[in-house]
Amino acid sequence: MDIIESFASQYELALLDYSRSGVSSDQSLFYNNMHLNAEGANKFSLKLAQDIYLLNR
C-alpha cells in the first residue's frame with residue numbers, strides 16, 4: 001500500500017482506500033472471501049459513487 005500511496009501522491013492522484021471500510025469488515029456482505037454479495041455490492045457502489053461525487057465538486 002505504501003508504494004501505491006507514494007505513486008498517487010507523486011502524480012497528484014486521488015486514492016480511495018476501502019480496505020478499512022465498514023463493508024470490507026462485515027463478512028455478511030461477502031459471497032466468498034473475494035466477492036461481495038448483492039447487498040455488499042450495493043453498499044459499496046453507493047459509497048464509491050458518493051466519494052467520486054465529492055472528489056469532483
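**Grounds for the classifications**

Trainee: Why is Tyr18 called buried?

Mentor: In this predicted model, Tyr18 has a relative accessible area of 15%. Buried means under 20%, so Tyr18 is buried.

Trainee: What makes Phe44 partly exposed?

Mentor: Its relative accessibility is 27%.

Trainee: How many aromatic pairs does the count come to?

Mentor: The count comes to two aromatic pairs. In one of them, the ring centres of Phe7 and Tyr11 are 4.7 Å apart, with the planes at 50 degrees.

Trainee: Why is the pair of Phe7 and Tyr11 called tilted?

Mentor: Planes under 30 degrees apart count as stacked and those over 60 as edge-to-face, the rest being tilted. The planes of Phe7 and Tyr11 stand at 50 degrees, so the pair is tilted. As to accessibility, Phe7 counts as partly exposed at 47%, and Tyr11 counts as partly exposed at 48%.

Trainee: What makes the pair of Tyr18 and Phe44 edge-to-face?

Mentor: The planes of Tyr18 and Phe44 are at 80 degrees, and their centres are 5.2 Å apart. An angle over 60 degrees counts as edge-to-face, so this description applies to Tyr18 and Phe44.

Trainee: Which parts of the chain does the pair of Tyr18 and Phe44 link?

Mentor: The pair links distant parts of the chain, with Tyr18 in the loop between α1 and α2 and Phe44 in helix α3, 26 residues apart.

Trainee: How do you know that Glu39 and Lys43 form a salt bridge?

Mentor: The N to O distance between the side chains of Glu39 and Lys43 is 3.5 Å. The criterion is a distance within 4 Å, so the side chains of Glu39 and Lys43 meet in a salt bridge. Both residues lie in helix α3, four residues apart, which is about one turn of the helix. Glu39 is partly exposed at 44%, and Lys43 is partly exposed at 41%.

Trainee: How many salt bridges does a search of the whole structure find?

Mentor: The search finds two. Besides Glu39 and Lys43, Lys47 forms a salt bridge with Asp51, where the closest N and O atoms are 3.0 Å apart. This distance too is within the limit of 4 Å.

Trainee: What separates Lys47 and Asp51 along helix α3?

Mentor: Lys47 and Asp51 are four residues apart in helix α3, and therefore about one helical turn separates them. In general, residues three or four places apart in an α-helix point the same way, because there are 3.6 residues a turn.

Trainee: Why do Lys47 and Asp51 receive their accessibility classes?

Mentor: Lys47 has a relative accessible area of 38% and is partly exposed. Asp51, with 14%, is buried, since the limit for that class is under 20%.

Trainee: Is Leu54 buried or exposed?

Mentor: Leu54 lies in helix α3. Its relative accessible area is 53%, and exposed means over 50%, so Leu54 is exposed.

Trainee: Why is Leu36 called partly exposed?

Mentor: Leu36 is placed in the loop between α2 and α3. At 29% relative accessibility, Leu36 counts as partly exposed. Leaving aside neighbours within four places in sequence, its contacts include Val23, Leu29 and Phe44.

Trainee: What makes Glu12 exposed?

Mentor: Glu12 has 75% relative accessibility and therefore counts as exposed. Glu12 lies in the loop between α1 and α2, and has a positive phi of about 50 degrees although it is not a glycine.

Trainee: Where is the confidence of the prediction lowest, and where is it highest?

Mentor: Confidence is lowest in helix α2, at a mean of 91, and highest in helix α3, at 97. The mean pLDDT of the protein is 95, with 100% of its residues reaching 70 or more.

Definitions and conventions. Residues are numbered from 1 along each chain as its sequence is written. Side-chain values use heavy atoms; hydrogens and water are left out. pLDDT is the predictor's confidence in each residue, from 0 to 100. Helices (H or I, at least four residues) and strands (E, at least two) are DSSP runs, numbered from the N terminus. Buried means under 20% relative accessible area, exposed over 50%, partly exposed in between (1.4 Å probe, protein chains only). Contact means heavy atoms within 4.5 Å. Rings of Phe, Tyr and Trp (its six-membered ring) pair if their centres lie within 6.5 Å; planes under 30 degrees apart count as stacked, over 60 as edge-to-face and the rest as tilted.
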